[in-house]
Amino acid sequence: VALAPDGVFVSSSFPCNVPTGLATIHLQAPVAPATKTFADATVSWEILGPDGKPVATAEKKTQVNGLGRADVEQTAQVAAPELWSPETPRLYKLVTTVTSGGRTVDRKETEFGIRTFAFDADKGFLLNGHPYELKGTCNHQDHAGVGSALPDGVQYFRIAKLKEMGANAYRTAHNPPTPELLDACDHLGMLVMDENRLVGSDALHLQWLKDLVLRDRNHASVAIWSLGNEEFSVEHTAAGGRALGKMQDLVHQLDPTRPVTVNADMGNDYEGFNPVIEVRGWSYHIGKDNMDAYHAAHPQQPNVGSEQGSTVTTRGIYADDPVRGYVKAYDDTAQSWSNTAEQWWSFFA
């Protein structure tokens with residue numbers, strides 16, 4: 001008997017949107033048989049607080065069928081929980097132990113945070129029940145000097161520098177992140193828009209999405225799932241909306257604790273993706289078809305600016321040099337299809 005590969009799931013809930021009083025911790029552990037015979041097993045959970053001291057325990061007995069696994073579920077309660085946020089990234093640890101035949105056969109440690117995420121159509125993003133301004137950046141996985149194979153220390157360096165700059169949110173543009181990045185965001189305090197690579201409702205695309213959610217859903221920092229990025233060929237179509245709806249249903253099934261968005265390069269358009277998605281995601285459109293116009297037309301749907309300013313600069317260069325291909329780092333050289341960060345800061349302010 002052992003824990004199945006997709007591992008433990010732990011989530012917290014509260015009786016109201018603002019977390020007060022006891023936190024109910026929902027525990028789930030898939031247990032798989034080692035042989036084709038039946039086996040008795042006991043799953044035990046111990047929750048350690050941010051100070052490393054035990055704060056709750058739970059246990060459940062099960063019988064594992066030799067032909068399949070058993071999904072063992074239980075709840076525990078944490079009194080006066082210490083809430084996770086970018087300002088106070090307090091982490092709990094769940095220790096899951098499986099015993100069978102009088103001996104321990106598997107053990108797994110899982111870090112998690114106790115907090116709530118939501119979007120309100122009028123108040124915007126809510127962290128632990130309170131309005132919270134997202135000040136984020138879209139980030140590709142590569143880093144100057146090392147490419148895509150980043151040492152873990154560089155992940156922490158990057159998040160620390162972004163926080164020093166004033167950021168509190170990080171979008172994994174345009175693909176799932178490495179788990180080590182999420183570890184850094186959990187520990188240092190950075191909200192994450194965790195992004196799926198491609199929109200598609202066939203078995204393969206849904207499996208990729210499922211793998212992403214199962215892998216990342218215990219991370220305290222993951223605040224919202226993004227189903228994809230700028231799918232120009234389908235984002236305006238009814239077929240695209242149906243595919244996106246199927247993906248969104250899968251995410252809600254696997255993780256009912258977080259909102260879902262998709263980054264779409266659309267203006268004040270209510271077709272394709274937009275009538276389906278829980279939180280409307282935006283790329284650009286600072287003109288008359290902007291977020292204000294869309295919100296006025298569709299006041300019940302929350303919005304998030306997921307990719308706004310886009311400028312071309314060369315770090316440390318303060319004069320254009322067309323021969324060398326340098327562009328001055330003053331945030332004033334936008335793409336033909338984008339605007340500067342300063343323009344968008346003014347819009348959101």
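Student: In this predicted model, does Glu87 count as buried or exposed, and at what relative accessibility?

Tutor: Glu87 is placed in the loop between β6 and β7 (92-100). A residue counts as exposed when its relative accessible area is over 50%. Glu87 therefore counts as exposed, with a relative accessibility of 54%.

Student: With which side chain does the side chain of Glu87 make a polar contact?

Tutor: A polar contact needs a pair of N or O atoms within 3.5 Å. The side chain of Glu87 has such a contact at 2.7 Å, and the partner is the side chain of Tyr132.

Student: Which residues does Tyr132 join in a cluster of ring pairs?

Tutor: The whole structure holds 11 aromatic pairs. Two rings pair if their centres lie within 6.5 Å. Ring pairs link Tyr132 into a cluster with Phe117, Phe119 and Phe125.

Student: Which element gives the largest share of the lining of the second largest pocket?

Tutor: The lining of this second largest pocket has 26 residues, and Phe9, Ser11, Ser12, Pro256 and Thr257 lie nearest the pocket centre. Elements supplying at least two lining residues each are β2 (9-13), β3 (23-32), β6 (70-78), β9 (117-120) and α4 (238-254). The largest share is 5 residues, and the element is β2.

Student: Which residue has its charged end over the ring of Phe9?

Tutor: A charge sits over a ring only if it is within 6 Å of the ring centre and within 35 degrees of the ring normal. For Phe9 the charged end is 3.8 Å from the centre of the ring, and the residue is Arg217.

Student: Is Tyr284 buried or exposed, and what is its relative accessible area?

Tutor: Tyr284 lies in the loop between β17 (279-283) and α5 (291-297). Its phi is positive, near 60 degrees, although Tyr284 is a residue other than glycine. Buried means under 20% relative accessible area. Tyr284 is therefore buried, and its value is 4%.

Student: What is the relative accessibility of Glu230, and does Glu230 count as buried or exposed?

Tutor: Glu230 is in the loop between β15 (222-229) and α4. Although not a glycine, Glu230 has a positive phi of about 45 degrees. The limit for buried is under 20%. Glu230 therefore counts as buried, at a relative accessibility of 16%.

Conventions:
Residues are numbered from 1 along each chain as its sequence is written. This is a predicted model: local features need pLDDT of at least 70, side-chain atom pairs count only at pLDDT 80 or more; totals for chains, interfaces and linings use all residues. Side-chain values use heavy atoms; hydrogens and water are left out. On a 1 Å grid over the protein atoms alone, a cavity is a set of points where a 1.4 Å probe fits but cannot get out, and a pocket is an open set with protein on both sides within 12 Å along at least five of seven lines; lining residues have an atom within 4 Å of a point. Helices (H or I, at least four residues) and strands (E, at least two) are DSSP runs, numbered from the N terminus. Buried means under 20% relative accessible area, exposed over 50%, partly exposed in between (1.4 Å probe, protein chains only). A polar contact is a pair of N or O atoms within 3.5 Å; within protein, one must be able to donate a hydrogen and the other to accept it, and residues adjacent in sequence count only if both atoms are side-chain atoms. Rings of Phe, Tyr and Trp (its six-membered ring) pair if their centres lie within 6.5 Å; planes under 30 degrees apart count as stacked, over 60 as edge-to-face and the rest as tilted.
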